Amino acid sequence: MNIFINDIPLVIKKLSEKVYKHKFDLILSPDDEFTSKDLVGDVLVKDAGPLFIDRLLRLMEVKKLKKLKSLTMLVKKKKHVILHLKDQFKIAKAGGGLVVKGDQVLMIYRLGKWDLPKGKLKSDEDTAAGALREVEEETNIKLELGEELPSTWHSYAYKGNKMLKKTSWYLMKCLDDSLMKPQTEEYIEEVRWMSPQEALAKLEDSYASIALVVRHYLSEMAGKPAKAAPAAGK
């Protein structure tokens, strides 16, 4: 479960899972005293319980923890903690796509950030079909649905409610981009094809959840063997 609270990655692991403590800048236990100013870099919390988690969530929601890169919590009962976490929010569902054409990927520019096309799903809508619909509406590109990518969860405030949105991501192949244009009513200013190098550079001006999806896809592609060129005369 890839969770982002105010765009900060929140990682939940079982106590039995192996972690490399030298990779963390701060390691906390539930009895430790700390303030928001102490939450710098990559932080690990050992044996985090519901009350401790609630305290950290409040800090992440109300404080601008600009120096906190990630928060990893080791817990005894992972499923219980995830359910407790979800109970703190109103859940929303969305679908989106990472669109490819050859070796290029598509990114959109919306509200001052580079993003991937996505949108809220209708209550009775199939997730994959809804994701395809939203991406086609936001880019005006004809698409073919591909494999599922890692889902993300991110928090935001809406009309006084604490929201946690699950976005289901899919790989999508471009079939026709001859009429490509941004959906301006969704505040999209630009739709742009990018090389992998360009896309990675734009992630510096994007969201952590978007960076996770793009980097996952590009790392998968980097690990696949290149297709052999056809033999001469064939």
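Good morning. The structure we are looking at is a predicted model. Is T72 buried or exposed? Its relative accessibility is 6%, and because buried means under 20%, T72 counts as buried. Leaving aside residues up to four places away in sequence, T72 touches V11, K13, F24, V43, L44 and V45.

The largest nonpolar core has 28 residues. Which of its residues have the most contacts inside it? They are L39, V45 and M73. The elements that contribute two or more residues to this core are β1, β2, β4, α1, β5 and α2. Of these, α1 gives the most, with six residues.

I now come to helix α1 itself. It covers residues 50–62, which makes 13 residues. From its first C-alpha to its last, α1 reaches 18 Å, close to the 18 Å expected at 1.5 Å a residue. Which residues of α1 are buried? They are F52, I53, D54, L56, L57, L59 and M60. As a general point, an α-helix has 3.6 residues a turn, so residues three or four places apart point the same way. What covers the buried residues of α1 includes the strands β1 (2–5), β2 (8–14), β4 (41–45) and β5 (68–75), together with helix α2 (78–87).

How do α1 and α2 meet? Two packed helices are described by the angle between their axes and the distance between the axes. Here the axes of α1 and α2 come within 11 Å and cross at roughly 40°. The two helices are therefore oblique to each other. In this crossing, which is right-handed, α1 passes α2. On the α1 side the contact is made by P50, I53, D54 and L57, and on the α2 side by H80, V81, H84 and L85.

Finally, I mention helix α5, residues 208–223, with 16 residues. Its reach from first C-alpha to last is 22 Å, close to the 22 Å expected at 1.5 Å a residue. The buried residues of α5 are S209, I210, A211, V213, V214, Y217 and L218. Thank you for your attention.

Definitions and conventions: Residues are numbered from 1 along each chain as its sequence is written. This is a predicted model: local features need pLDDT of at least 70, side-chain atom pairs count only at pLDDT 80 or more; totals for chains, interfaces and linings use all residues. Side-chain values use heavy atoms; hydrogens and water are left out. Helices (H or I, at least four residues) and strands (E, at least two) are DSSP runs, numbered from the N terminus. The expected span of a helix is 1.5 Å times one less than its number of residues. Buried means under 20% relative accessible area, exposed over 50%, partly exposed in between (1.4 Å probe, protein chains only). Contact means heavy atoms within 4.5 Å. A nonpolar core is a set of buried Ala, Val, Leu, Ile, Met, Phe, Trp, Tyr and Cys residues joined through side-chain atoms within 4.5 Å. Axes are lines fitted to C-alpha atoms, for helices over the stretch in contact, and angles run from 0 to 180 degrees between N-to-C directions. Angles under 35 degrees count as roughly parallel, over 145 as roughly antiparallel, 65 to 115 as roughly perpendicular and the rest as oblique. A crossing is left-handed if the near helix is turned anticlockwise from the far one by less than a right angle, and right-handed if clockwise.
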